[in-house]
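Q: I would like to learn how to read an interface and its voids. Can we work through a case?

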Amino acid sequence: MSRVLAAFFAGVLFTLGLNLSGMTLPDKILGFLDFTGLYTGAWDPSLIVVMTTALLVHAVLYRLITRRAKPVLAERFIIPPPGRVDAPLVVGSLVWGAGWGLT
Amino acid sequence: MSGELFEAVVGGVLIGLGASVLLLLNGRVAGISGIFFSSLERATRDRGWRVAFVVGMVGTGAVLALLRPGSVGASPASLPLVAISGVAVGFGTRLGSGCTSGHGVCGMARLSLRSIVATCLFMAGGAGALLLAWWIAGPLA
């Protein structure tokens, strides 16, 4: 299998997950981001359930996968090194989060 | 409600698997905003897999929108607001080096402090912007 095909397949899997979990519905995202819903009982925890599940699955598999000397189709793992929490990270995250919440 | 939660879990598993497949086969982190932006730049080295990933996503999305019509929605916001928000998302994700998949799933899976902070902040940004918008304009229906 070529890396291109593998990437295509990964994109398919990922999007299947996004779609099945309802993450392609703005109402579900807004239902989560609207934390006043915690008081009204209307809060939709779906996003955090999705993210936590994906996170746990990937965390386990990440450990197993990176025990390998190299990926199956490539010469090496390219994983960003640990970095500092700096201003661009903070500002950038807040900015895109705001845009995300607005729509 | 339990049906929705079940779908959320199954979907989450698939997302985690998708990211893991990219890592296992290609050795790459599934940071979608980064992959997407790099796929657009002609100068990107090793561009092919990025384009393929984006095509896989968009193609699957299109097919699913047809097969499961209620599963994909449009934003309730006005076009100018969507445009402004698009700029914010584009600028912010590049400045912050990632989004929900890169930081939220992959970064936090590695217990990266940067990603944990980033994820908390973009959720706060989202919640905050929503509250601010409602305070200014009144609740969306």
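**Pockets, a cavity and the interface**

A: Begin with the largest pocket. The model is a predicted one. A total of 41 residues line the largest pocket, and those nearest its centre are L18(A), M23(A), W100(A), I32(B) and T100(B).

Q: What is the volume of the largest pocket?

A: The volume of the largest pocket is about 1400 Å³.

Q: Which elements supply at least two residues each to the lining of the largest pocket?

A: Look at both chains. From chain A come α1 (3–20), α2 (26–33), α4 (46–65) and α5 (87–102). From chain B come α2 (32–40), α3, α4 and α5. The largest share of this lining is that of α4(B), with six residues.

Q: How much space lies in the second largest pocket, and which residues are the closest to its centre?

A: The second largest pocket holds about 490 Å³ of space. Its lining has 24 residues, and the closest to the centre are P80(A), V29(B), G31(B), S97(B) and G102(B). The elements giving two or more residues to this lining are α2, α3, α5 and α6 of chain B. Of these, α2(B) gives the most, four residues.

Q: Which residues line the largest cavity?

A: Take them chain by chain. Chain A provides H58(A) and Y62(A). Chain B provides A19(B), L23(B), R28(B), V29(B), A30(B), C106(B) and R110(B). At least two lining residues each come from α4 of chain A and α1 of chain B. By class, six residues are nonpolar, one is polar and two are charged. V29(B) also belongs to the residues closest to the centre of the second largest pocket.

Q: How do I size up the interface?

A: The contact involves 77 residues of chain A and 85 residues of chain B. Between the chains, about 6900 Å² is buried, with carbon and sulfur atoms giving 77% of that area. On the chain B side, the residues that lose the most area to chain A are L25(B), R110(B) and R114(B), together 9% of what that side buries. R110(B) is also among the residues lining the largest cavity.

Q: How many salt bridges and polar contacts link chain B and chain A?

A: There are two salt bridges between the chains. One pair is R114(B) with D86(A), whose closest N and O atoms are 3.5 Å apart. That distance counts because the salt-bridge cut-off is 4 Å. Polar contact is found for 13 residue pairs across the interface, both residues at pLDDT 80 or more.

Q: Which elements build the side of chain B that touches chain A?

A: At least two residues each come from α1 (2–26), α3 (48–67), α4 (79–95), α5 (100–109) and α6 (113–137) of chain B. The most come from α1(B), with 22 residues. By class, that side has 51 nonpolar, 27 polar and seven charged residues.

How values were computed: Residues are numbered from 1 along each chain as its sequence is written. Chains are lettered from A and ligands numbered from 1 in the order in which they are written. This is a predicted model: local features need pLDDT of at least 70, side-chain atom pairs count only at pLDDT 80 or more; totals for chains, interfaces and linings use all residues. Side-chain values use heavy atoms; hydrogens and water are left out. Contact means heavy atoms within 4.5 Å. Buried area is the accessible area (1.4 Å probe) that two parts lose on being put together, summed over both. A salt bridge is a side-chain nitrogen of Lys or Arg within 4 Å of a carboxyl oxygen of Asp or Glu. A polar contact is a pair of N or O atoms within 3.5 Å; within protein, one must be able to donate a hydrogen and the other to accept it, and residues adjacent in sequence count only if both atoms are side-chain atoms. Ala, Val, Leu, Ile, Met, Phe, Trp, Tyr, Cys and Pro count as nonpolar, Asp, Glu, Lys and Arg as charged, and the others, Gly among them, as polar. On a 1 Å grid over the protein atoms alone, a cavity is a set of points where a 1.4 Å probe fits but cannot get out, and a pocket is an open set with protein on both sides within 12 Å along at least five of seven lines; lining residues have an atom within 4 Å of a point. Grid points are joined across faces, edges and corners, and a volume is the space filled by probe spheres set on the points.
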